[in-house]
Structure formats: C-alpha cells, structure tokens
Amino acid sequence: AYPFAPAVRPLHDFAYGVAEMLGAMWWGVALGIFFVGLMHKIPKAWFTAILGRGDRTGGIARAVTAGVFLDLCSHGIVLIAAKMYERGASLAQVMAFLVASPWNSLSLTMILIALIGLKWTLVYIAASALVAFVTGVIMMRLVKGGVLPANPHTAPVPEGFSLRAEMKEHLRGFRPTPGFFRDVFRNGMGEARMLLRWLLLGVVIAAAIRAFIPPEIFADWFGPSLIGLLATLVAATGVEVCSEGSVPIASELVNRAAAPGNGFVFLMAGVSTDYTEIMVIREFSKSWKVALFLPLITVPQILVLGWLMNF
C-alpha cells in the first residue's frame, strides 16, 4: 500500500524523479567536468588540427564522427560542446557534435541492440549521423551568409604546424601528478559552474512534468501515424529525460506500439528540443538566434526520417 495520502503522491513522484535523474546523470556530468578541465590544457591549435576546418564539410564530418563515438551521456555532452566552442571549434562543428552525441555511446548502442535489434539500431545510428551532418552543413552556410554569428574564438592553425610533432614534444616530459589532476578539476568546475545551473533547472522541470505524465502512456497512445508522430514530438519536448532513460522508452515505442519512427523521434527530438541544451547554447554563444536555430533545423529532418521509418 502507498504510505502517503493520495494528495501527496505527486510531490513524492516529483522528489523521486529529481533524485532518479540526478542519480542517472551524475557520472556523465562528472566525466564532462573532467574532460572540460582536461581540454583546458590542450592548445587551441590542436583542436583545429584534429577537427579540421569548420568551414568545410570534412571538418563537420569529423565532428559528427567524434560525436557518434564519444561515450558520454547527454548532460555531459553539453559541457564538452561548450568547451569545444570556447577552444575554437566552429559553430557548425559544435552543433553537429551535439546532435550526433547524446545517445550514440557504445554502452547505449549495446542496450539498443538488445532492446530493438541490430537492424533498427544501425538505422538509428545512420539516421542520427545524417541529421547531425546536414545540420552542420546548414549551420555552416548560415554562418557564411551572415545569418548566424561565427565563433569569435576560432583561430587559424599556424603555418607549418605539425600536430604529431607538437604532441610528441608536449608529451615527452609529461608526468601526471596530484597537482595536475587538482588543476584539471578546478578548471573543469570553473568552466562548468555557469552551465550546471541550467542542467539542474532542466532536472526540476522534467521531474515536475514526469510526476503527472507517466512514461507508460507513450507506448499506448503514440502509434505509427502522423498524429502519433507529432504527439511523440510533443512528448519528447516536454518530458526531457537523460539518454539512459530515453532508450528504454524508445524501445517500448518500437516493440509495443510498432512505431520504429516514433522511437527515433523520441530519441532525437529529446536532444534537439531539450530546454537545458538550448539554454546552454544560448549561454556559450551569447545568441538566442543560435540556440533556437537548433530545433528549427533539426526537427523537420527528424520528423521526415521518423515518418519514413514507420512505412
């Protein structure tokens, strides 16, 4: 029997939702802070050399590849993306990385294979990479056309720069010490403090919504129709969950509702319309236009691909 009065149940569910999401995301945020601090030690020229030019499709493809293979949850990814922007990655590369990353980690890929099978998992990965690449290309064109602002932190690679030689020289005498890790943590916390408040606000909002909208209704109400697809988009926008939490819900849409396209929309739209992600983009880019162009560009692509997957 439920130990509380029925009127208290929503408050209990809200508190439980906050604790559950914090428990699921803490490790991703902690890793994000560590990598942000580590990135503080890496010269800007290294980023440009690794990612390639941000005004070329090759550079965007590299950012998509990095996003697909980086094993980190959606809440840690936004910290990495903000630091990438500060270290000189182009706006197009940062956006492509953000769209490609959140649920494409190795661990979640294995879970997806177990839940929905290898075929649909590969389709999802390919489709997400396509959306990320197209989004990056569109962003690149918009920056070149002056519609969106370029990253002011971007700097060209010095002439005659050799990444291999620079890394070899830099790492030759490197020895990890306690002081090094303290510095990494201090820098990571300093960079992440501004962004953590938006993550926490997103947790509070998501927990409040989840207290009144049980996730089980997704599998029952959102079928493989145009209306079901749009309803899934609305649900993914309103009920923000971490990447670990979104995968089981998406699998229910595939298996119980027989709507693989809806599962894809739930996974991708949860990233593209995530309130905390939009606020973090606004924070590091200093532009509402940049932040709002993310859902404006990605959502139509996601809906079209989802609709095609349902047939």
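Let's start at Gly223. Gly223 sits in the loop between helix H10 (216–221) and H11. Helices here are DSSP runs of H or I, at least four residues, and strands are runs of E, at least two, numbered from the N terminus. This is a predicted model, so local features need pLDDT of at least 70 and side-chain atom pairs count only at pLDDT 80 or more, while totals for chains, interfaces and linings use all residues. Residues are numbered from 1 along each chain as its sequence is written, and side-chain values use heavy atoms, with hydrogens and water left out.

What does Gly223 contact, leaving aside its neighbours within four places in sequence? Gly228, Leu229, Ala257, Ala259 and Asn262. Contact means heavy atoms within 4.5 Å. Take Ala257 from that list. Ala257 counts as buried because its relative accessibility is 11%. The cut-offs: buried is under 20% relative accessible area, exposed is over 50%, partly exposed is in between, with a 1.4 Å probe and protein chains only. Phe222 also pairs up with Ala257: 35 residues apart in sequence, 6.9 Å apart C-alpha to C-alpha.

Now the whole chain. It has 15 helices and 0 strands. Of its 311 residues, 49% are buried. Look at contacts between residues at least 6 apart in sequence: 82% of them join residues at least 24 apart. The chain exposes about 14,600 Å², and carbon and sulfur atoms supply 70% of that. Areas come from the Shrake-Rupley method with a 1.4 Å probe; for residues, only the protein chains shown count as cover.

Next, the core. A nonpolar core is a set of buried Ala, Val, Leu, Ile, Met, Phe, Trp, Tyr and Cys residues joined through side-chain atoms within 4.5 Å. The largest one has 64 residues, and the members touching the most other members are Val94, Met95, Leu98, Tyr124, Met139, Phe264 and Ile281. H15 gives this core its largest share, 10 residues. Zoom in on Met139. Setting aside residues up to four places away in sequence, Met139 touches Leu91, Ala92, Met95, Leu148, Val290, Phe293, Leu294 and Ile297.

Glu277 is buried, yet it has no salt bridge. A salt bridge here is a side-chain nitrogen of Lys or Arg within 4 Å of a carboxyl oxygen of Asp or Glu. How far away is the nearest side chain of opposite charge? It is Arg282, 15 Å away. For charge, Lys and Arg count as positive, Asp and Glu as negative; His and the chain ends are not counted. Beyond four places in sequence, Glu277 touches Val78, Leu98, Val271 and Leu294.

So which residues do form salt bridges? The structure holds 2. One joins the side chains of Glu86 and Lys83, at 3.0 Å, N to O. Both are in helix H4 (residues 74–86), and being 3 residues apart there, they are separated by about one helical turn. Glu86 is partly exposed, because its relative accessibility is 25%. Lys83 has 3%, so it is buried. The other bridge joins Arg186 and Asp183, closest N and O atoms 2.8 Å apart. Those two are also 3 residues apart, in helix H9 (residues 178–210), so about one helical turn separates them. Arg186 is exposed, because its relative accessibility is 53%.

Leu226, Leu230, Val304, Trp307, Leu308 and Phe311 make a nonpolar patch of about 650 Å². Patches take residues with over 30% relative accessible area and no salt bridge; like charges are joined within 9 Å, nonpolar side chains (Val, Leu, Ile, Met, Phe, Trp, Tyr) within 5 Å. Helix H11 (226–238) and helix H15 (288–309) each supply at least two residues. H15 has the largest share, 3 residues. Leu226 lies in H11. Its relative accessibility is 53%, so Leu226 counts as exposed.

Last stop, a backbone detail. Most residues other than glycine have a negative phi. Lys286 is not a glycine, and its phi is positive, about 60 degrees. Lys286 is in the loop between H14 and H15. With 57% relative accessibility, Lys286 is exposed.
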